[in-house]
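Thank you all for coming; I would like to walk you slowly through one structure. Please have a look at it before I go on.

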Amino acid sequence: MAKKSKKSLPASGAGLVRYFEDETAGPKLSPNQVIIAVIVLALLCIALRFTY
């Protein structure tokens, strides 16, 4: 029979990094602003598609 090696795995939480502790500089947009910007951009693309 083969010998079993007793290798232990590292603790499961050892490699976790907390990304939400640091505040990054940049624009703060609400979800509503993002949705409105996407709709405006889509309408602009549609309008340009039909004008040329």
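Helices (H or I, at least four residues) and strands (E, at least two) are DSSP runs, numbered from the N terminus. What we have here is a predicted model, in which local features need pLDDT of at least 70, side-chain atom pairs count only at pLDDT 80 or more, and totals for chains, interfaces and linings use all residues. Residues are numbered from 1 along each chain as its sequence is written, and side-chain values use heavy atoms, with hydrogens and water left out.

The protein chain has 1 helix and 0 strands, and isoleucine 46 lies in helix α1. With buried meaning under 20% relative accessible area, exposed over 50% and partly exposed in between (1.4 Å probe, protein chains only), isoleucine 46 counts as partly exposed because its relative accessibility is 46%.
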